[in-house]
Amino acid sequence: MEVILHVYDVTSSASDKTNNTIMQINKIFKDGIGLGGIFHSAVQQVYGEDEWSFGYCEQGTGVFSCPAGKNPMYRYRESIKLGMTDFSIFKVNQILRELSREWPGHLYDLLSKNCNHFCDEFCDRLGVPKLPGWVNRFANAGDTAAEIAGNTAYRLRQAKTEIVAASKIAYRFLAGVASNNSIATPGSPVNSPRGSPRFQATWFKNLISSGSKPSTSLELENREEELMRERKHEGAETPIIQCSRYAI
């Protein structure tokens with residue numbers, strides 16, 4: 001049996017200006033360049049004179065029917081023959097009952113779960129080709145854009161988490177360096193608790209900000225000469241004590 005898709009221009013707004021704008025969009029993007037537009041769709045199968053579609057409601061199923069091609073909410077545009085189904089009227093009615101349970105009206109979403117998505121699902125279960133791409137292209141594009149935006153936001157949150165984790169690792173590393181340096185550095189907090197990284201980090205920060213720097217080779221040589229002169233001076237003053245010790 002033949003399955004037919006009925007397509008409407010979405011002109012359900014209370015504003016004539018909005019409806020006219022939608023008509024212009026559909027005329028340019030569908031009739032002009034064949035890209036797509038803002039459409040409502042419904043599926044008719046030849047066992048009845050009604051078309052079936054999906055819409056929003058607060059309670060119950062969002063699946064509804066009306067006389068084929070005569071939905072009063074929209075402006076009728078065209079019908080498209082999608083193909084033939086081998087299912088009996090009993091099987092088709094069973095599919096409609098299943099869809100009625102699976103498509104509650106409160107789950108309606110303009111971008112991800114609208115009337116065109118419902119018709120796609122209905123056609124798939126009837127075993128006929130899905131809707132032409134232009135019927136729901138604007139909604140699919142909007143849904144993709146929303147998904148990309150959501151992924152971008154997730155990646156930014158993930159990057160922020162990784163930066164915070166890296167900062168904590170760097171902090172622990174610097175605190176550990178400060179703790180190790182404190183063992184061999186005079187005046188450092190040798191007896192500070194190992195479990196107080198805040199104190200260690202503060203000492204390390206003070207160590208850096210104090211302007212301390214390693215001694216140069218010239219400074220080391222001058223220091224050695226001073227030590228040598230001190231030793232010679234001490235040796236000149238204590239020879240008798242050393243001799244008396246050996247004499248004893």
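**Overall make-up**

Of the 248 residues in the chain, 28% are buried. The model is a predicted one. Its chain holds seven helices and five strands, and from the N terminus on these elements follow the order β-α-β-β-β-β-α-α-α-α-α-α. Among contacts with a separation of 6 or more, 67% are between residues 24 or more positions apart.

**Helix H1**

Helix H1 covers residues 16-32, which is 17 residues. At 1.5 Å a residue the helix should span 24 Å, and the C-alpha atoms at its ends are 22 Å apart, so the two values agree. After H1 comes glycine 34, with a positive phi near 70°.

The buried residues in H1 are Asn19, Ile22, Asn26 and Lys30. An α-helix has 3.6 residues a turn, so residues three or four places apart point the same way.

**Threonine 11**

Threonine 11 sits in the loop between S1 and H1. Its relative accessible area is 18%, and because the limit for a buried residue is under 20%, threonine 11 counts as buried.

Once neighbours within four places in sequence are left aside, the contacts of threonine 11 are Asn19, Met23, Met73, Tyr74 and Arg75. One of these, Asn19, is also among the buried residues of H1.

**The largest pocket**

The largest pocket holds about 400 Å³ of space. Its lining consists of 23 residues, and those nearest the centre of the pocket are Val10, Phe39, Tyr108, Leu110 and Cys115. Two or more lining residues come from each of S2, helix H3 (115-126) and helix H4 (137-184). H4 gives the largest share, three residues.

Sorted by class, the lining has 15 nonpolar residues, seven polar residues and one charged residue.

**Aromatic pairs**

The chain has nine aromatic pairs. In one of them, the ring centres of phenylalanine 54 and tyrosine 108 are 5.8 Å apart and the planes lie at 35°, so this pair is tilted. The pair joins distant parts of the chain, 54 residues apart: phenylalanine 54 belongs to strand S3 (residues 50-54), and tyrosine 108 to the loop between helix H2 (89-102) and H3. Phenylalanine 54 has 1% relative accessibility and therefore counts as buried. Tyrosine 108, at 27%, counts as partly exposed. Tyrosine 108 is also listed with the residues nearest the centre of the largest pocket.

Phenylalanine 54 forms an aromatic pair with phenylalanine 118 as well, and that pair is stacked, with 6.2 Å from centre to centre and 25° between the planes. Here too distant parts of the chain are linked, since phenylalanine 54 in strand S3 and phenylalanine 118 in helix H3 are 64 residues apart. The relative accessibility of phenylalanine 118 is 0%, so phenylalanine 118 counts as buried. Ring pairs connect Phe54, Trp103, Tyr108, Phe118 and Phe122 into a cluster.

Key:
Residues are numbered from 1 along each chain as its sequence is written. This is a predicted model: local features need pLDDT of at least 70, side-chain atom pairs count only at pLDDT 80 or more; totals for chains, interfaces and linings use all residues. Side-chain values use heavy atoms; hydrogens and water are left out. Helices (H or I, at least four residues) and strands (E, at least two) are DSSP runs, numbered from the N terminus. The expected span of a helix is 1.5 Å times one less than its number of residues. Buried means under 20% relative accessible area, exposed over 50%, partly exposed in between (1.4 Å probe, protein chains only). On a 1 Å grid over the protein atoms alone, a cavity is a set of points where a 1.4 Å probe fits but cannot get out, and a pocket is an open set with protein on both sides within 12 Å along at least five of seven lines; lining residues have an atom within 4 Å of a point. Grid points are joined across faces, edges and corners, and a volume is the space filled by probe spheres set on the points. Ala, Val, Leu, Ile, Met, Phe, Trp, Tyr, Cys and Pro count as nonpolar, Asp, Glu, Lys and Arg as charged, and the others, Gly among them, as polar. Rings of Phe, Tyr and Trp (its six-membered ring) pair if their centres lie within 6.5 Å; planes under 30 degrees apart count as stacked, over 60 as edge-to-face and the rest as tilted. Contact means heavy atoms within 4.5 Å.
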